[in-house]
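The sequence and structure come first, then a short tour.

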Amino acid sequence: MPALVHQSFSQTASGLACDGVSIESIVERAGTPLYIYSARAIRDAYRAIDEAFAAHPHAIHYGMKANSTLALVRLLRSIGSKVDANSRGEIDVALRAGYQPPDIVFTGVGKTREELEHAIGLGIGAINAESAGELDRIAALASAQGREARVALRVNPDIDAGSHPNISTGLRINKFGVPLQDARAIYRDRRGAAGLRFVGVHVHIGSQITTAEPLRTAARALAGLACELRDDGVALEHVDVGGGLGIPYEGRPMIGPTDYAAAVIPDLRRTGLPIVLEPGRSVIGQAGALIARVVDTKRFPDGRRFAVLDAGMAELIRPALYGSYHRIVPIRPRPQPDAAWDVVGPICESSDVFARDRMLPPLEVDDLVAVLDAGAYGSVMASNYNRHLLPAEALVDAGGWSIVRRRQTIDDLLALES
Ligand code: LLP
């Protein structure tokens, strides 16, 4: 019986495997650094959310910002997901993946005129506006095109999501949305405005939320607004609660889709409207691992041990940017006792550290390790810093695997330069 170290990654006689496929065998052909995703884990996570909300009409608009690799977006489309896009680039990827414009909600601070024109022209399912000014610009642009844009207003309910300050979005110190108390008047003043059709209300208070309370409070605030708008005669089609459900990076029990649904449905039900969800991390986060090779080890006189990998903050910036925790698992753990390691990357920055004082079995040069739960906000946030080439990405499905994004080459990189 293989030891399950993680939902879809388990230790087998041939080392760590992803859904039974040996990671060493993938690395032999694909090299490192490498992102590996489990199609099964993506399907399972999507279905868990879908089933948790089954008692209420709902639509899952996968938050593409978490990971928009084309093959993964296509996979999600094939199982019935819709999408939340954050930029023209993400809208275009969604269209390439086969989505129709009505399947897309478009959210994001600072949408440009060009992006809005594009979204209006396409007939996007809902544009989640971030301010009264943006609503007015949408109205003007839509009227100029002789169209009616389907819009919702994003409210900022001033709720502490309890996650890292860099990924909280629902406090009044954050740049997102309009203050909740202003929202009703903004809708009222624009009722019947040419070019605008109000279809929803929207909130997203942050990401990696690990307790139900902030999600419940935000849903309650949003439901209250939707009911007030109903009283004002604004006929909405949905309430959009954004994303935010966290994943157990440390492997400890925490809320999951069922707790989330139980927390938000009772209040949202009062609105009589279908629920739109925009989960990103909870769909894709646990399905991906970053595979890296140890390129150097060293030990300082005070006993500190370093393992230097061929992947660092250029490939996965979350630890450097948010101090986030990712489990690290050797592909073939040596049987000797664990010791404390600093696992670091090769980038010329002191913050290029994946883990400090992490208890791990002995590591040697050329060993492979997996950095777990890297499916969300991993490859999408990768950069070419220090001229690192973007890593390859492989998808494991039904006992086989394929490269879904080839490794960038130096020619790819320099093709843009003169
Ligand atoms: N909807 C909106 C409007 C959002 O801003 C986000 C994420 C989502 C949905 C998806 O949220 P999720 O379900 O993934 O929590 N780079 C950070 C996370 C940034 C999240 C930004 N917004 C990280 O690596 O933790």
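Helix 2 and helix 9 are roughly parallel to each other, because angles under 35 degrees count as that. Their axes come within 8 Å and cross at roughly 30°, and the crossing of helix 2 and helix 9 is right-handed. On the helix 2 side, Ala48, Ile49 and Ala52 meet Pro257, Thr258, Ala261 and Ile265 of helix 9 (contact means heavy atoms within 4.5 Å). Sorted by class, that contact of helix 2 with helix 9 holds six nonpolar residues, one polar and no charged ones.

This is a predicted model, where local features need pLDDT of at least 70, side-chain atom pairs count only at pLDDT 80 or more, and totals for chains, interfaces and linings use all residues. Residues are numbered from 1 along each chain as its sequence is written, and side-chain values use heavy atoms, with hydrogens and water left out.

Now for the other pair. Helix 5 and helix 6 pack at an angle of about 55°, their axes 10 Å apart. By class, the contact of helix 5 with helix 6 has five nonpolar, no polar and three charged residues.

| Pair | Angle | Axes |
|---|---|---|
| Helix 2 (residues 39-52) and helix 9 (residues 257-269) | roughly 30° | within 8 Å |
| Helix 5 (residues 113-122) and helix 6 (residues 132-144) | about 55° | 10 Å apart |

Key:
Axes fitted to C-alpha atoms, helices over the stretch in contact; angles between N-to-C directions. Helix = DSSP H or I, 4+ residues; strand = E, 2+ residues; numbered from the N terminus. Nonpolar A, V, L, I, M, F, W, Y, C, P; charged D, E, K, R; others polar. Parallel < 35°, antiparallel > 145°, perpendicular 65-115°, else oblique. Left-handed = near helix turned anticlockwise from the far one by under 90°.
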